[in-house]
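Hi everyone, thanks for coming. Let me put the structure up so that we can walk through it together.

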2 protein chains.
Amino acid sequence: MSGRISDSTVRRLSLYLRMLRDLERAGAEFVSSSQLAEPSGATSAQVRKDLSHFGSFGKRGRGYSVEGLVRALEEILGLSRSWRIALVGVGKIGTALLGYGGLAARGFDVVAAFDVDEAKVGTRVYGLRIRPVTDLRPVVAACGAEIGVVATPTEVAAEIAAALGRAGVGAILNFAPIELSEVNGVPIRTVDIVLELEGLSYLMSEVGRRTGSGA
Amino acid sequence: MSGRISDSTVRRLSLYLRMLRDLERAGAEFVSSSQLAEPSGATSAQVRKDLSHFGSFGKRGRGYSVEGLVRALEEILGLSRSWRIALVGVGKIGTALLGYGGLAARGFDVVAAFDVDEAKVGTRVYGLRIRPVTDLRPVVAACGAEIGVVATPTEVAAEIAAALGRAGVGAILNFAPIELSEVNGVPIRTVDIVLELEGLSYLMSEVGRRTGSGA
DNA sequence: CTTGGTTTGTGAAACCTTTCACAAGGGCGG
DNA sequence: CCGCCCTTGTGAAAGGTTTCACAAACCAAG
């Protein structure tokens with residue numbers, strides 16, 4: 001058990017947890033690895049292997065206790081607590097995030113928002129007062145945000161990420177289309193919509209090449 | 001050469017292309033695999049291996065012609081043309097996408113937008129008229145959209161994705177926090193912000209466990 | 001208590017991706 | 001034309017992830 005856990009495993013654990021919470025709400029007592037596997041497109045063996053990295057949670061012949069596994073996965077994923085988010089950049093994406101209730105519902109609270117635009121600073125967006133980026137460090141420290149979100153133009157994304165790291169966040173989620181390298185052990189994950197679209201573009205073109213020229 | 005190309009390879013190709021375009025704008029003539037590798041966090045060997053799946057683009061001793069490789073990658077990724085997008089769901093994320101100039105700038109044009117909300121239907125958002133979802137099939141067919149974007153609530157995401165598939169799109173980008181399985185050979189890629197945050201939550205908790213209890 | 005049906009946990013095998021290391025090729029100065 | 005230096009393209013090795021397959025364990029019924 002244990003060792004270094006791959007991103008794909010962690011990703012699947014989140015998906016299992018989602019399904020488990022649905023099952024819990026529906027009043028299910030036990031669930032098998034094959035039931036758990038279906039919605040995430042995994043196999044039952046994969047579910048068992050994923051869980052086995054962290055311990056032994058099931059009963060042979062019976063499956064997993066829904067409630068028990070929910071608690072275990074919340075513990076593993078760090079979701080038995082809530083996290084505070086500092087958002088930098090209240091443009092289109094930033095605003096969409098502030099208005100997205102799904103975050104708070106899952107334990108991710110945006111507790112501070114920053115922008116350079118003086119016209120925005122001081123106003124309230126979905127109830128949260130926008131602060132000037134110049135106050136980033138003290139405000140992040142004061143409100144104890146653990147996660148920084150970069151929703152700025154590409155040009156300043158790296159700089160802002162570094163500033164968030166210095167301000168003390170433990171992880172960063174980046175929406176700018178640029179690959180940021182982790183600084184000071186602060187992991188950075190990038191959500192890059194254009195990259196996803198380009199991936200789809202490749203797949204569609206590949207099909208064309210395959211069926212088109214292969215005839 | 002060729003065969004099945006992995007997602008990670010395609011992803012990196014996009015990143016190489018980005019850097020190459022920057023280099024082209026800056027007037028560079030040639031680039032080496034190691035220069036190309038740096039911004040995407042890859043190694044020079046990986047760059048060469050990635051490219052080798054599609055052919056032989058470099059000159060030994062010299063590197064790759066920037067312009068030549070830009071054209072080659074655009075061809076490979078299907079980016080020497082532009083793509084038409086049909087957006088379903090003009091809520092917060094949908095609106096942010098409509099306003100995001102970065103899409104059109106990179107050849108992804110949103111040509112149709114749909115919503116169920118009658119208050120929104122008929123209005124214009126960033127210049128685009130919102131259509132009722134009931135018109136999805138004919139409108140998508142008429143405007144020839146190749147990519148569908150699902151930006152609806154989770155509950156209807158699967159249904160909308162299926163409808164987009166039937167309407168004739170070749171690929172789907174999904175923003176709802178649900179794993180959708182590809183239907184009819186239409187690939188679906190999901191951008192799941194909560195999943196990313198949970199991944200970061202895991203990493204932060206892991207560090208805590210490692211340093212905290214390992215003492 | 002024993003038998004039978006079921007499902008976990010897990011080594012081993014298969015598969016896939018990344019890294020290594022070097023021969024082959026190309027340009028340039030002399 | 002020659003020799004030197006540089007960088008590609010690529011088999012082979014290493015490393016990682018997924019799938020397989022089965023013994024061990026559990027429950028329920030008789």
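This is a predicted model: local features need pLDDT of at least 70, side-chain atom pairs count only at pLDDT 80 or more; totals for chains, interfaces and linings use all residues.

Residues are numbered from 1 along each chain as its sequence is written, while chains are lettered from A and ligands numbered from 1 in the order in which they are written.

At least two residues each are supplied by α3 (44-52) and β3 (63-65) of chain A, and by α1 (7-25) and α3 (44-52) of chain B. The most come from α3(A), with six. Helices (H or I, at least four residues) and strands (E, at least two) are DSSP runs, numbered from the N terminus. By class, this surface has five nonpolar, 14 polar and eight charged residues. Here Ala, Val, Leu, Ile, Met, Phe, Trp, Tyr, Cys and Pro are nonpolar, Asp, Glu, Lys and Arg are charged, and the others, Gly among them, are polar.

Now chain A. Its domain assignment, automatic or from a database, gives domain 1 (7-76) and domain 2 (83-195). Their C-alpha centres are 32 Å apart.

Next, the sheet. In chain A, seven strands form an open, mixed sheet, ordered β6-β7-β5-β4-β8-β9-β10. Strands β6 (124-125) and β10 (188-190) are at the edges with a single partner strand each, so one side of each has no neighbour in the sheet. Pairing takes at least two DSSP bridges; β5 (108-115) and β7 (128-132) of chain A have three, in the parallel sense. For F114(A), the bridge partner in β7(A) is R131(A).

Last, chain B. How do the axes of α1(B) and α4(B) cross? They come within 9 Å, at roughly 145°, with α4(B) spanning residues 66-77. Axes are lines fitted to C-alpha atoms, for helices over the stretch in contact, and angles run from 0 to 180 degrees between N-to-C directions. Residues in contact have C-beta atoms, placed from the backbone, within 7 Å. Among those making this contact are L13(B) and L17(B) of α1(B) and V66(B) and L73(B) of α4(B). By class, the contact has eleven nonpolar, one polar and four charged residues.

How values were computed: Two residues are in contact if their C-beta atoms, placed from the backbone, lie within 7 Å.
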